[in-house]
Amino acid sequence: MTAFNALLLRDIKLAFRAGGGATLAMTFFALVATLVPFGVGSDINLLGQIAGGVLWVSAALAALLSLDRLFQADYEDGSLDVLTLSPMSLEAAAAAKIAAHWVTTGLPLVLLSPVLGLLLNLPAPGYVPLALSLAVGTPALSGVGAIGAALTIAIRRGGLILALIVMPLITPALIFGAGAVTDALGGMDRGAFLFLAAFSVAAVALSPFAAAAAVRLNLAG
């Protein structure tokens, strides 16, 4: 087993063991989507129109819940120092952590989204575009979130600062993700989905390097 795969499997196991971060994210996602009808009202047509945006915002907030421990736990127990001295590059380690975060947070949200779409009366043509947009866009949430997590590893209880850093950066994913569902419901072209895919590819490609640089900056300080 390569060092990358070992770190990936380790983080996946920890996400389900330590503090229940993965389960907490799914529970939060479901709760937010379930509570929206109480605030919006019983107009099922209105709920169907906003379902895509509501689920995308819920997914982004759920992803944020587990980001603060992405690097901080390893920073506190010294594992991050060991990683920097290991033969595996810090960029590869960051990529493994981003992949583990998506597997334990993003993927479950994708699988859960059709059920919540049903609760929000999402029209039938929107289910596949919703799941596809989340599958394509949630890796960007993990990637951009990892940059914020790496910048705040030295700050105890830095969850609020992390959210302030990450939320503006993931706004394009929210806009294009919700837009992809709206386009599908309106029979329009796939422009929003293509923009979402481009943003996600760029975020996933660049985030390991940015996160690794932020980790080095914190460790050097």
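## Helix α7

Let's start with α7: its 25 residues reach 36 Å from first C-alpha to last, close to the 36 Å expected at 1.5 Å a residue. That expected span is 1.5 Å times one less than the number of residues. Helices here are DSSP runs (H or I, at least four residues), numbered from the N terminus. Before going on, note that this is a predicted model: local features need pLDDT of at least 70, side-chain atom pairs count only at pLDDT 80 or more, and totals for chains, interfaces and linings use all residues. Residues are numbered from 1 along each chain as its sequence is written, and side-chain values use heavy atoms, with hydrogens and water left out.

α7 bends by about 30° at Gly137, with a proline, Pro139, following within four residues. The bend at a residue is the angle between two axes, one fitted to the seven residues ending there and one to the seven starting there. Because 19 of its 25 residues are buried, α7 is largely enclosed by the rest of the structure. Buried means under 20% relative accessible area, exposed means over 50%, and partly exposed is in between (1.4 Å probe, protein chains only). Tyr127 sits in α7 and is partly exposed, at 22%. Its C-alpha lies 24 Å from that of Leu24, 103 residues away along the chain.

How far apart are the end C-alpha atoms of α6? They are 42 Å apart, which agrees with the 44 Å that 30 residues should span at 1.5 Å a residue. α6 has a kink of about 40° at Ser113, shortly before the proline Pro114.

Just after α6 comes Asn121, with a positive phi of about 60°, although Asn121 is not a glycine. You'll find Asn121 in the loop between α6 (90-119) and α7 (127-151). Asn121 is partly exposed, at 33% relative accessibility.

## Helix α3

Helix α3 covers residues 44-65, so 22 residues in the chain, and reaches 29 Å between its first and last C-alpha, close to the expected 32 Å. α3 also has a kink of about 55°, centred on Ile50.

## An aromatic pair

A search of the whole structure turns up one aromatic pair. Phe176 and Phe195 are its members, and they are stacked: 5.3 Å centre to centre, with 20° between the planes. The rule is that rings of Phe, Tyr and Trp (its six-membered ring) pair if their centres lie within 6.5 Å; planes under 30 degrees apart count as stacked, over 60 as edge-to-face and the rest as tilted.

The pair links distant parts of the chain, with Phe176 in helix α8 (residues 159-186) and Phe195 in helix α9 (residues 191-220), 19 residues apart. Phe176 is partly exposed at 24%, whereas Phe195 is exposed at 52%.

## The second largest pocket

About 170 Å³ of space lies in the second largest pocket. On a 1 Å grid over the protein atoms alone, a pocket is an open set of points where a 1.4 Å probe fits, with protein on both sides within 12 Å along at least five of seven lines; lining residues have an atom within 4 Å of a point. Points are joined across faces, edges and corners, and the volume is the space filled by probe spheres set on them.

Among the lining residues are Val128, Leu132, Ala180, Asp183 and Arg190. α7 and α8 each supply at least two residues of this lining. By class, the lining has seven nonpolar, no polar and three charged residues. Ala, Val, Leu, Ile, Met, Phe, Trp, Tyr, Cys and Pro count as nonpolar, Asp, Glu, Lys and Arg as charged, and the others, Gly among them, as polar.
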